[in-house]
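Let me put the model up and we'll go through it together.

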Amino acid sequence: MKSGIRALDDFPCVTIPSNARDSHYQVLGWQQVAAKIGMQRCAASSQWLNDRISLSRYAHVPVGTFELDWLVFTADLIFSRALRDQQQVLWISDDGVPDLGGINEEDTCFADEVHQPVLTYPGAYRKITVELKIHHLAVNALLKSNQVNEMEGGALLGYDQDMHSGAPVQNEHVGFDEDTACAPAFRVLKQLIQRCLADAVTFGNVYADAILQHLYRWLCSPESKLHDPAPHRILHKVMQKVFALLLAEFRKLGATIIFANFSKVIIDTGKFDLSAAKAYCDSLLKTLQKRCVITGVGGTSYAYLGRPWGPFGRVVYAYTYVDACINHVGWDNLGKTENERSACFYEYRCYGPGSCPSKRVAWARELIDEEAEQFLMHRFIDPDSQRPWLAQRIPYSA
């Protein structure tokens, strides 16, 4: 059309990219299919243009600048601006191999040598099994990279004070590997994702949310002009650490893992009843999302989990990390030995240095799975949706 109508050269023209399925035509009668697709595109062109204008406003670029994969292009654009603001030199390249200023390395050193972990525990599982999807592992790993780096003793990203303290360096090549070299860019990437997360959560921006969903694809895509396997490998290491911590939490909460990879986890609930399995999974997920932690202000064995102020006091700690601040006996009767017969103080699958079931007082005990189920049900925690926490409850006796 542009070659036939030369006047179009005087106007800015925005090309609607084609889809891969547009080339799938049948041998005979393809004209009718092509005409139908063309009419559909014409009818949807105005809405597509409005969406593209909104995207151009978010990315602050002309509407005709976007390439075919607008997600990768927009992520490259925002990342390059963030790097420039931090006075870092860009390594833009069109072939997927970063331009590192004339440093010639072996081709293999630029390969994305990562292996997706897959854990399989074959066997016969006769109880109800559940598949749990894992979403945004790359985003969560990136946001928690500082904590993982501290756990590793700074082996992943190093420390800012070591790089910018101004102290004289005796040997600049000692301990300066690939991970340390790209650590500043990795920190800029983290700040970028934090801003995208704020845009998506606070303002509901669909383009920021799309960048978050496609973060890992963009980071490992050779089509990206800022593609560099080094940040990809660092993020993959952090993802492996977070993935291992997640599986460890599943095991601490009593789940039996059957299969696990970066996208899903299949567990054996240990339940024969479907409602009990659903309640267990709901409690498991809520516990992972809102981990209960008991921590102190320093020192050990100076606090107790609870005391029977009344004769029918009842406390249940389930799936809780107990710090060393808790005395190994766990509970104190305040000198009221008569309350030991009626007060109900229980624990269920707690862990940590302060969790010592064998050293607890004789009148407090560890619940078994069947006993703990009633306390983990939502109807027990909030039996009255109109008056949560206010409904009268009959004291439970062991």
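I'll go through confidence, then a sheet, then a helix pair.

So, this is a predicted model: local features need pLDDT of at least 70, side-chain atom pairs count only at pLDDT 80 or more, and totals for chains, interfaces and linings use all residues. Residues are numbered from 1 along each chain as its sequence is written, and side-chain values use heavy atoms, leaving out hydrogens and water.

pLDDT, the predictor's confidence per residue from 0 to 100, averages 80 over the protein chain, and 81% of the residues score at least 70. Over residues 160-176 the value is below 50, with six contacts beyond near neighbours in sequence; contact means heavy atoms within 4.5 Å. Residues 389-398 also stay under 50. Where pLDDT is low, the coordinates should not be read in detail.

Now the sheet. Helices (H or I, at least four residues) and strands (E, at least two) are DSSP runs, numbered from the N terminus, and strands pair if DSSP finds at least two bridges between them. Here three strands form an open, parallel sheet in the order 6-8-9. Strand 6 (314-318) and strand 9 (365-366) each have a single partner, so one side of each lacks a neighbour in the sheet. Five bridges join strand 6 to strand 8 (344-348), and Arg-314 has Cys-344 as its bridge partner.

Last, the helix pair. Helix 2 (70-85) and helix 8 (206-213) pack at about 95°, axes 10 Å apart; axes are lines fitted to C-alpha atoms over the stretch in contact, and angles run from 0 to 180 degrees between N-to-C directions. Helix 2 and helix 8 are therefore roughly perpendicular, a label covering 65 to 115 degrees. Trp-70 and Ile-78 of helix 2 are among the contact residues, as is Tyr-207 of helix 8.

Note on methods:
Parallel < 35°, antiparallel > 145°, perpendicular 65-115°, else oblique.
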